[in-house]
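The sequence and structure are shown first.

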Amino acid sequence: MRHLPAFLIGVCLAGGGMCLAGEVPGPGPAELEAFGPIQPRLSPQSRDVAFSWQGSICRLDLGSGAVLVLTAGERFDVEPAWSPDGQSLAFVTSPNFGW
């Protein structure tokens, strides 16, 4: 089980949103990087928050504050969605989302 710094958990609970950083090197497109948890989703029972963090899907237990990384690897996982009973998570996965 991995623990995220408190400020990252606060961002997740405050509504998250994608944080972007980067510079435009001349006329080309900006190089953007996501940092912190994004796309937080509260479970139907309001006991957990699922979110995407650095390409992995994670679950935050609101009772204990523990974060469990559910997916990891070379693919990029985003958009977690709880099942109506709160027992399962669906998510979108891609090798790189075109980056």
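## Model and conventions

Helices (H or I, at least four residues) and strands (E, at least two) are DSSP runs, numbered from the N terminus. By this assignment, E79 lies in strand β7 (residues 76–82). The model is predicted, so local features need a pLDDT of at least 70 and side-chain atom pairs count only at pLDDT 80 or more, while totals for chains, interfaces and linings use all residues. Residues are numbered from 1 along each chain as its sequence is written, and side-chain values use heavy atoms, with hydrogens and water left out.

The pLDDT, which is the predictor's confidence in each residue on a scale from 0 to 100, averages 74 over the chain. A score of at least 70 is reached by 61% of the residues. Over residues 1–29, the pLDDT is below 50. Beyond near neighbours in sequence, this stretch has 47 contacts in the model, a contact being heavy atoms within 4.5 Å.

## Overall composition

Of the contacts between residues at least 6 apart in sequence, 32% join residues at least 24 apart.

Buried residues account for 30% of the 99 residues in the chain; buried means under 20% relative accessible area, exposed over 50%, and partly exposed in between (1.4 Å probe, protein chains only). The accessible surface of the chain is about 6300 Å², and 57% of it belongs to carbon and sulfur atoms. Accessible areas come from the Shrake-Rupley method with a 1.4 Å probe, and for residues only the protein chains shown count as cover.

## Strand pairing and hairpins

Two strands are taken to pair if DSSP finds at least two bridges between them. Strand β4 (residues 48–53) pairs with strand β5 (residues 56–61) in the antiparallel sense over six bridges, and W53 has S56 in β5 as its bridge partner. Two residues lie between the strands of this hairpin, where Q54 takes a positive phi near 50°.

Strand β5 also pairs in the antiparallel sense with strand β6 (residues 67–69), over three bridges. Here C58 has V69 in β6 as its bridge partner. The hairpin of β5 and β6 has five residues between the strands, and G65 takes a positive phi near 85°.

Strands β7 and β8 (residues 89–94) run antiparallel and are joined by five bridges, with V78 opposite V92 in β8. Their hairpin has six residues between the strands, and G86 in the turn has a positive phi of about 75°.

## Nonpolar core

The largest nonpolar core comprises six residues: V49, F51, W53, C58, L60 and V67. Strands β4 and β5 are the elements that give two or more residues to this core, and β4 supplies the largest share, three residues. A nonpolar core is a set of buried Ala, Val, Leu, Ile, Met, Phe, Trp, Tyr and Cys residues joined through side-chain atoms within 4.5 Å. In soluble globular proteins, nonpolar side chains tend to be buried together.

S46 is not a glycine, yet has a positive phi of about 60°. S46 is placed in the loop between β3 (38–42) and β4, and is partly exposed, with a relative accessible area of 42%.

E79, in strand β7, likewise is not a glycine and has a positive phi of about 55°. E79 is partly exposed, with a relative accessible area of 36%.
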